[in-house]
Amino acid sequence: MRAQFVLSEIRVGLRRNLTMTFAVVVSVALSLALFGGSLLMSDQVSTMKGYWYDKVNVSIFLCNKSDATSDPNCAKGAVTEDQRKQILADLKKMPVVQQVLYESQDQAYKHYKQQFGNSPLASSLTPDQMQESYRIKLRDPEKYQVIASAFNGRDGVQSVQDQKGILDNLFTLLGYLNWAARGVMAVMLIVAMLLIVNTVRVSAFSRRRETGIMRLVGASGFYIQAPFIMEAAVAGVIGGTLACSFLVIVQYFVIDHGVALSHKLQLINFVGWDAVAAKLPLILATSFLFPALAAFFALRKYLKV
């Protein structure tokens, strides 16, 4: 097979179906950009889980005077000094506990003012209304139930809260968003496949005389099909290149520079260039194989070349 013939046929086909080729390029670019974005989102969620789960604390909130009249868990009154010391001693004996930090009512009030100083409620609060607490760093964040079962219901303890539960809700939401992106990606891939099939059929129909002559002189089926398959593959690779460029632009201008979310949102550990670079070859390979296979089966099923 002469490469010059195939290349010339590809140019002719792309030029004849310029509008449909443009539609194929755009749909492939959008679907593969969503594909790469969903893969990076999965990496981002995994990175955030590893980062935040390592930092989560379990908090044991102790009863104060106001809780004694409003909270059933504090019906026996505010926590006493002996109860406070016993809770601390029991925590230090537990193998799952890595570190224990005590936060007094004054410290809790100060932290609240720093975080919610503009809230109307902040002006009406006083330090004695805040709860003192123990902030516990676990060796294994999954062992929260060990702390909860040991201290829930104990005299002087208002509640035991696990920050991991809050994070689980956040990561569940991110997971749903990721699956939504994959759903849109699947729809775009189907649209791209239909456009590729129609483009190949129109291209083959417009060149039916040439393919008829080639069949009469004994050209093989693959020799006749190759230009059409390569047309679809070339359009797909252009779309894949645009998708890769989009991911690189977002990483550079949105995450690292320009908007610079990595500097403005330092609480989020964003994925780096290594994760982006790992996805680009997969996107390019998909952009070549997917249109080529779609064109191959379209020719076999519909055109009977």
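Student: In which sense do strand β2 and β3 pair?
Tutor: Strands here are DSSP runs (E, at least two residues), numbered from the N terminus, and two strands pair if DSSP finds at least two bridges between them. This is a predicted model, where local features need pLDDT of at least 70, side-chain atom pairs count only at pLDDT 80 or more, and totals for chains, interfaces and linings use all residues. Residues are numbered from 1 along each chain as its sequence is written, and side-chain values use heavy atoms, leaving out hydrogens and water. Strand β2 (residues 97-103) is joined to β3 by six bridges, with E103 opposite S133 and Y102 opposite Y134; the sense is antiparallel.

Student: Which residue in β3 is the bridge partner of V58?
Tutor: Look at strand β1 (residues 57-62), which runs antiparallel to β3 and is joined to it by five bridges. In β3, the partner of V58 is I136.

Student: What is the order of the four strands in the open sheet?
Tutor: The pairing in this sheet is antiparallel. Its edge strands, β2 and β4 (157-162), each pair on one side only. Read across, the order is β2-β3-β1-β4.

Student: Is strand β3 largely enclosed or largely open?
Tutor: Buried means under 20% relative accessible area, exposed over 50%, and partly exposed in between (1.4 Å probe, protein chains only). Strand β3 covers residues 133-138, and five of its six residues are buried, so the rest of the structure leaves this strand largely enclosed.
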